[in-house]
Amino acid sequence: MGNYAVLLNAGPKDAGPATNALRYAATLAAASHDVAVYFDGAATAWPKELVSRLDHPMRTYFDELLELDATVGACALCASAYETTESCKQAGVELLGSTDEHAPDVSLLIEDGYELLPVG
């Protein structure tokens, strides 16, 4: 099975690519691939949207990823810049790095055998 890291940069104003990214990630996870989804930049606003809008099409894929134990994280630096730190925590999304350091470290992901799938 493969290892895939979805690096989502598309925020709520760009729902199409973001929804597709989570759909692809959930499909891969359901097929027993190792999947990690990272909310980056404007995408750190998604956890709040998904928790507050149960009817959002992306919500199903987000829930599937959590149920399948996929890694779901957000860049702490970006969350701080977009003022979404608390909403990420409330949604159960792990904050990676620090407010001084961008995360995830893509070079480490590659070393760990992940194929990077940037979206947005």
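At 7% relative accessibility, threonine 84 counts as buried, where buried means under 20% relative accessible area, exposed over 50% and partly exposed in between, computed with a 1.4 Å probe on protein chains only. The structure is a predicted model, in which local features need pLDDT of at least 70 and side-chain atom pairs count only at pLDDT 80 or more, whereas totals for chains, interfaces and linings use all residues. Residues are numbered from 1 along each chain as its sequence is written, and side-chain values use heavy atoms, with hydrogens and water left out.

Threonine 84 is located in the loop between helix H4 (76-81) and helix H5 (85-90), helices (H or I, at least four residues) and strands (E, at least two) being DSSP runs numbered from the N terminus. When residues up to four places away in sequence are not counted, threonine 84 touches Thr44, Ala45 and Ala79, contact meaning heavy atoms within 4.5 Å. Glutamate 83 is also found in the loop between H4 and H5, but glutamate 83 counts as exposed at 74% relative accessibility, and its phi is positive, at about 55 degrees, although the residue is not a glycine. A positive phi, near 60 degrees, is likewise found for aspartate 69, which lies in the loop between H3 and strand E3 (71-75) and is exposed, with a relative accessible area of 70%.

The sheet is open and is formed by five strands in the order E4-E3-E2-E1-E5, with parallel pairing; two strands pair if DSSP finds at least two bridges between them. Its edge strands, each of which pairs on one side only, are strand E4 (94-96) and strand E5 (115-119). Neighbouring strands are turned against each other by 30 degrees on average, direction ignored, the axes being lines fitted to C-alpha atoms, for helices over the stretch in contact, with angles that run from 0 to 180 degrees between N-to-C directions.

Strand E1 (residues 3-8) is joined to E5 by five bridges in a parallel arrangement, in which tyrosine 4 has glutamate 115 as its bridge partner and alanine 5 stands opposite leucine 116. E1 also pairs with E2 in the parallel sense, over six bridges, and here the partner of asparagine 3 is aspartate 34. Five of the six residues of E1 are buried, and the strand is thus mostly covered. Together with helix H1 (residues 15-30), E1 and E2 make a right-handed β-α-β unit; a crossover is right-handed if, with the strands pointing away from the viewer, the path from the first strand over the helix to the second runs clockwise.

The structure holds one aromatic pair. Phenylalanine 39 and phenylalanine 62 form this pair, which is tilted, with 6.5 Å centre to centre and 55 degrees between the planes; rings of Phe, Tyr and Trp (its six-membered ring) pair if their centres lie within 6.5 Å, and planes under 30 degrees apart count as stacked, over 60 as edge-to-face and the rest as tilted. Because phenylalanine 39 lies in strand E2 (residues 34-39) and phenylalanine 62 in helix H3, the pair ties together parts that are 23 residues apart in sequence. Both phenylalanine 39 and phenylalanine 62 are buried.

Histidine 56, in the loop between helix H2 (46-52) and helix H3 (57-67), is buried, with a relative accessible area of 7%. Leaving aside neighbours within four places in sequence, histidine 56 is in contact with Thr19, Trp46 and Leu50.
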